[in-house]
Amino acid sequence: MTAQRFAPIPPRPAPARPVGAWVWLRSRLFCDRGTALTSLFIGALLLYGLPQLLDWAILRANWRPSVEACLADRAGACWGVIAEKYRIILMGRYPFDEQWRPLLATGLMVALLIVSCIRLFWQRWLVLLWLGVLATVFLLMHGQVLGLSPVDTDQWGGLPLTLLLSSLSIALAFPLALLVALGRRSALPAIRAVCTVYVELVRGVPLISVLFMASFLFPLFMPQGFSIDVLLRVLTGITLFAAAYMAEVIRGGLQAIPRGQIEAAAALGLSWWQTQRRIVLPQALAAVLPGLMNNFIAIFKDTSLVTIVSLYELTGALSLALNSDADWRPFKLEGYLFVALIYFVFCFAMSRYSLWVEKQLNRGRVR
Amino acid sequence: MFALTPTIRKRWSWRSRAVRGRVYQVLLLALLALLLWFLAGNTARNMAQRGIQSGFDFLLQPAGFEIGEGLFDFEASQAYWLAFLTGLGNTLRTALIGIVLATGLGSLLGIGRFSRSALLRGLCSAYVELFRNIPLLLQLLMWYLLLAEALPPLDAPARLGLLTLSKNGLTWQTTPEAEPLFALSPEFLALTLGLSLYTAAFIAEVVRAGIAAVPRGQSEAAAALGLSRQQALRRVVLPQALRIIIPPLTNQYLNLTKNSSLAVAIGYPDVVSIANTAINQTGRAVECLVIVMAIYLCLSLATSLLMNGYNARVALKER
Amino acid sequence: MSDPIIVFEKINKWYGDDFHVLRDIDLSVAKGERVVICGPSGSGKSTLIRCINRLEEHQQGRLVVNGLELGDDMKVVDAVRKQVGMVFQQFNLFPHLSVLENLTLAPIQVNQLSRQDAEENAMEQLARVKIAEQAHKYPLQLSGGQQQRVAIARALCLKPQIMLFDEPTSALDPEMIKEVLDVMSELAAQDITMLCVTHEMGFARAVADRVIFMDQGQIIEQNTPHAFFNHPQNERSRDFLSKILGH
């Protein structure tokens, strides 16, 4: 075997791959027999079902808010019910004339959520911004300042209530969850026991029972003469519930920090609080940000349960709008679909954002 | 002669970590005790003011309401504790059937995400995204509405052998007029269907993550040995994925059991629903809620223990 | 030399659109030949041998293994995989199956052997790698060297004509490398075609018929071990050898 003559070969770009609709279809749907059969079967199902759905939902639907038109043609969806009732569905029992206030409040909260998602704004003052906006929203909805007429909390409802409950409970639950997560890993047995009992107790029971507890028991817990607002009761219940789940997520992140980090900090002379604040928590929280987003999505969906304790957020406002009006009651399904769409848009956006954040974090780890 | 030993005097200095730790713990416990004493005092005073007695003796008194369905019939003259038991039976019925259905559907969806057909992959993803992003309560209300409209009317029921499907639900009876040997109400059907479809979406994600977590080298080794994709999935990937899937799967089972409490919104008499009625009738909120929470805690504990046992049994044998 | 059992003709492979990982590879391996492939990391050595059993797909060129041309036809790929055994750097034993079950899985499922025949064959191969007493243990209960020997036995159970080794000792502790290399040397003496990607130059010197040096996706030099190690013809090979043999 003789040595061959060597001539260096420069890199070339890859050859153009065959393009075309048929090639695209073949690689994705018909690679082999089993796949082809599956694709054909599902294709047949879709071809059967989708046209019927489109027919009902769009082509033969009625868009005008007229009961007679809707009743006349039951073959199509009646989106007129939305055109007629959308203000009650979206705003609940809030007084009609003052509905610009919850509208503004909703806009502020959505803007706050969007701003919190952008990395550029992850500064110290974001916390102050949250407190500021939530306080403003509260005052805006409640009134009694700046000449705004007072509106009781049991008249708040619809989308603003959903957003307010979710944002406020997450904002309040987060510091509590942080303390509980740190407490659960504490070396002091009493603190660890108390935190563990709290988390396991709350995670073992359904949210409804916590809301019932908030609704029935909190008035009993108050000293005589004090009455506590229904909104505050429900908020406390949801906050305590959310904090337990968030504490578990944060604890997972804390456990993932290698012991060497804490040892290095100790060797440098940092105190326990300094170590936690500057070394452990920044890494742990960055790692569990997707998990916390999942918590937020779950809390957003769980606010629908406050309907059962008579606060008419988005789901409850729908029942309010349609149960009392016998004319429009046959079209409840369209109402449900509208509310489902609103939830879907919010939750889907948040879950996509969470996936994006996860990718960003992993980019920093891949060499 | 005595040996000279230095005496170690305990220094109660604030700088000592042990001392500080003890002080913190004592403070925390004292604060909690104070809080509990304050709350208990207020509760006792408020209950006395409203004329509500406390105590669990109400459980032996007749309930005064009927329960529409259950493993056995419940009359108004029977005791409260039996009512709670019926409610518990209803909760378990819907939870167990829901778990079985959700696991089956969820596993298929999770495995379907790895199919070679883009249509199947897309369909499974669409299902998961749709059902995960809409609140369960809304889904239950929708299914209840759809079943109420779609089920055949009482005078023209659908039949399959001894099974009859009508607006009364699904019953098993020999003739239309005979007593049904067992009956599933429309509320039960809506609740179980809604719970299963919702939880299946989450289980699909758990299964998908479990399969993706099996190291790629395992499928490569299986391929190098000549195993087909199906054979590799069944004999190499899925058994290993199962071990990764069990803890989050347990979580989903617990979630389903807790979510069955939403039955109160559609009128299915599960244990929370019964407790709600009991509170409205007797005013004993504390006792009833304690009972409900204790029941759910026991269910959670039992499920966790079962799954931990199964987990230990199938764990990979290491050194 | 006997007729070639593996033929690479102008093989080119890209990762994505711009990383040209194999450039115009022309290689022919004779039946029974023992080839060692070495080179710096990222040179495409593993990709080259993984193309032989279609764990990687080439985009241009012709690759023929034992008369079968590798392409998109899955039947041909299955036939090739029955004749080619592979040993991985990370062993890739199936941790949920015992050692014996690891070895009998493929013969039963792919070659349709009966359980008894498969187990007999498996015990033979385990004896060949001198680890028969561990047949009923589970992979995670064994040391790294033992696991890799089991992996070699697993590949041998299908009675392949070609054995591929992808850095078999790189994940092992130093004291276990020898036991695996001994097994590989014994295999080499038994007339099986071997392609081995490795950094173990002592093994190459003792066992190989040919040493191939690759860098940046190309075959830079190939020669007998004696000629390659003592008189490297190319500057890059000299550079590489000085780094590897220097310390």
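How many helices and strands does chain B have? Chain B has 9 helices and 4 strands, where helices (H or I, at least four residues) and strands (E, at least two) are DSSP runs numbered from the N terminus. The model is predicted, so local features need pLDDT of at least 70 and side-chain atom pairs count only at pLDDT 80 or more, whereas totals for chains, interfaces and linings use all residues. Residues are numbered from 1 along each chain as its sequence is written, chains are lettered from A and ligands numbered from 1 in the order in which they are written, and side-chain values use heavy atoms, with hydrogens and water left out.

**View 1. The elements and extent of chain B.** From the N terminus, the elements of chain B follow the order α-α-α-α-β-β-β-β-α-α-α-α-α. Its C-alpha atoms fill a box of roughly 100 × 75 × 35 Å along the principal axes. The radius of gyration of chain B is 28 Å, while a compact globule of 319 residues would have one near 20 Å; this radius is taken over C-alpha atoms, and the globule rule is 2.2 Å times the number of residues to the power 0.38.

View 2. Arg93(B) lies in helix 2 (residues 80-112) of chain B and is buried, with a relative accessible area of 16%; buried means under 20% relative accessible area, exposed over 50%, and partly exposed in between (1.4 Å probe, protein chains only). Its side chain makes a polar contact with the side chain of Asn90(B) at 3.2 Å, a polar contact being a pair of N or O atoms within 3.5 Å of which, within protein, one must be able to donate a hydrogen and the other to accept it, and residues adjacent in sequence count only if both atoms are side-chain atoms. Neighbours within four places in sequence aside, Arg93(B) is in contact (heavy atoms within 4.5 Å) with residues including Glu69(B), Leu71(B), Phe188(B) and Tyr268(B).

**View 3. The fold of chain C.** Chain C contains 9 helices and 10 strands. Its radius of gyration is 18 Å, close to the 18 Å that the globule rule gives for 247 residues, so chain C is as compact as a globular protein of that length. The C-alpha atoms of chain C occupy a box of roughly 55 × 45 × 35 Å along the principal axes, and buried residues make up 60% of its 247 residues.
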